[in-house]
Structure formats: C-alpha cells, structure tokens
Amino acid sequence: MTAELRFKRVLLKVSGEALMGDQGFGIDVAVADRIAGDIAAVRRLGVDISVVIGGGNIFRGVAVASKGGDRVTGDHMGMLATVINALALRTSLMKLGVDTVVLSAIAMPEICESFSQRVALAHAEAGRVVIFAGGTGNPFFTTDSAAALRAAEMGADALFKGTQVDGIYSEDPKINPNAERYDQLTHDDVLRQGLAIMDVAAIALARENRIPIVVFSIHHQGEFARILTGGGRATIVSD
Ligand SMILES: Nc1ncnc2c1ncn2[C@@H]1O[C@H](COP(=O)(O)OP(=O)(O)OP(=O)(O)O)[C@@H](O)[C@H]1O
Ligand SMILES: O=c1ccn([C@@H]2O[C@H](COP(=O)(O)O)[C@@H](O)[C@H]2O)c(=O)[nH]1
C-alpha cells in the first residue's frame, strides 16, 4: 500500500550553507549528491518538486556591506553564488537520472535558461525538477523570500525549508542550546515572536498565499520523504 502524502506539490529551499559540509566554504560534492538522492526519493513518491537554493556557503551580500562595501554589489555576488550551487545540484540530480532544469532570475543564457513562470510551469508539467537560481533577481532580498515567491508562482501546497536545524525554536538553538522547540506554529506566531528562522518578507508572503512552511534538517538523510509520508521531525507553520 502506498503511504498517503501530506503534500503533492512542494517547493524545497535547500540551505546553501549545508552544501559546504565540513569544509567551511564551497561545495562538498558528496553532500550535494546526498541531497539529490533525497530529492530523487521524494520524486519517486509521486511528489512534484521544485527547488530554490541558497548561497550562504559561498557569499552573502551583508559580508560586503559590513566591511563598508556596496550592498547592491554584494547582493549581486550572493545571487551569482546561488547559480553556482544550482548548477552543482543539477549535476548531482542528473547523475541519478533525474531530469532537471536550472532557471535563473538573472539572464545568463549561455549557462542556463531564464526564469519565467510560464517556462517553469511547462518544465514541471513535463516532469522535470526545476531549480530556481539567482534568488528573486533583486538585491535586499534572500533566497527564503525567493522560495516563498516561487512556491506561490508554482502553486505549491507547501514550502519545505531544509536547513541546519531540525525545526523552529524559541531562540536560535545554535546560540541558546536550551531554547524550546516547536512542532506546530502559525505564520502569525513566527512573525509576532520574531523567530528568525526565515526573513519576515518570506513568512508574510507565505501567510498571504496560505502556504504552509515545513522546517526540517537537510542533514538527516531521508527526512524529506519521511515528513511527506506522515513521519519525520519538523516544525510545521500553518494557519
Ligand atoms: N528561532 C529560530 N529557530 C531555529 N533556527 C533559528 C532561529 N533563529 C535563528 N535560527 C538560525 O537560522 C538558521 C537558518 O537560517 P538561514 O536561512 O540563514 O540559513 P540556511 O538555511 O543555512 O540558508 P542559506 O545558507 O542558504 O542562507 C539556522 O541554522 C539557525 O541557526
Ligand atoms: O533574492 C535574492 C536572494 C539572494 N540575494 C543575495 O544572495 C545571498 C545568498 O542568499 P541566501 O539567502 O543568504 O542564501 C544573500 O545573502 C543576498 O546577498 C539577493 O540579493 N536577492
């Protein structure tokens, strides 16, 4: 008997930082391959998946701004970092025989296709995994906002944030190991309590479009599939 699926069409936000593994910078191919394996397993369950990938393993715009540099240039560098990660993840998925396309919010036609909602939906309809690169294409945003935006554009019924921690806590658990972990929250709870797991714009956009957010650890192999089939460990944010 096939397990009942919690969601049929999901947008997965993959932490850029997770891709570096223990290296401290850049891409650990073994980690990219493992995450690709988790995506392939979820696809085999019959779930439509598209992906937004972060860039924190390579570059964040605030790193430039905090040293007195130009924030917009820094953000452009950060968005380019997400394209590098998207190409790496596509390579890992293609090795597993998963038909995958990268669509960038910033045109670079020699490297990948450009994003439009129409093209993205057509690729998804054809059964491809779509990886959205380049964030929203605009500075002063993050890939969490891009994930909420693309989830709405793709008609996703949930936004999965695969990150470094296994859910949302009362405070950053990396700073306070005694912080309380939540299984269930509303979008309003996250905003009112200022829980910094995602930026405010991303949470507000998901709330406006009634998209549940599922926060889980991308480091736990098979967790993505377990959550979709009713198990696993995650915090679910819904109204
Ligand atoms: N209330 C909270 N609950 C859980 N984690 C929190 C909370 N507040 C802050 N965090 C931190 O937020 C981090 C996730 O946010 P962030 O989006 O910056 O990283 P990421 O998922 O690795 O993405 P990327 O590397 O792509 O930027 C967690 O690793 C955690 O340390
Ligand atoms: O829409 C966007 C998305 C991202 N950026 C810049 O890229 C880096 C990396 O993204 P993360 O979400 O931090 O992983 C981000 O710090 C921004 O500098 C952007 O400008 N616009």
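In sorting residues by class, Ala, Val, Leu, Ile, Met, Phe, Trp, Tyr, Cys and Pro are taken as nonpolar, Asp, Glu, Lys and Arg as charged, and the others, Gly among them, as polar. The structure discussed here is a predicted model.

By that scheme, the shell around ligand 2 holds 14 polar residues, five nonpolar and three charged. The shell has 22 residues, and those that come nearest to ligand 2 are Gly 54, Gly 61, Asp 75, Gly 78 and Gly 135. Two helices, H3 (71-95) and H5 (143-154), each contribute at least two residues to this shell. Helix H3 gives the most, with six residues.

Ligand 1 has 20 residues around it, of which Ser 15, Gly 16, Glu 17, Gly 54 and Gly 56 come nearest. Two or more residues of this shell come from each of H5 and strand E7 (168-169). The division by class is eight nonpolar, seven polar and five charged residues.

Is Cys 112 buried or exposed? Cys 112 counts as buried because 20 C-beta neighbours lie inside 10 Å, and the cut-off for buried is 20 or more. Leaving aside residues up to four places away in sequence, Cys 112 touches Val 102, Leu 103, Ser 104 and Ala 133. Ala 86 is 26 residues from Cys 112 along the chain, and the C-alpha atoms of the two are separated by 9.9 Å.

How values were computed: Residues numbered from 1 in each chain as written. Chains lettered and ligands numbered in written order. Predicted model: local features only at pLDDT ≥ 70, side-chain atom pairs only at ≥ 80, totals over all residues. Near = placed C-beta within 6 Å. Helix = DSSP H or I, 4+ residues; strand = E, 2+ residues; numbered from the N terminus. Buried ≥ 20, exposed ≤ 12 C-beta atoms within 10 Å, placed from the backbone. Contact = placed C-beta atoms within 7 Å.
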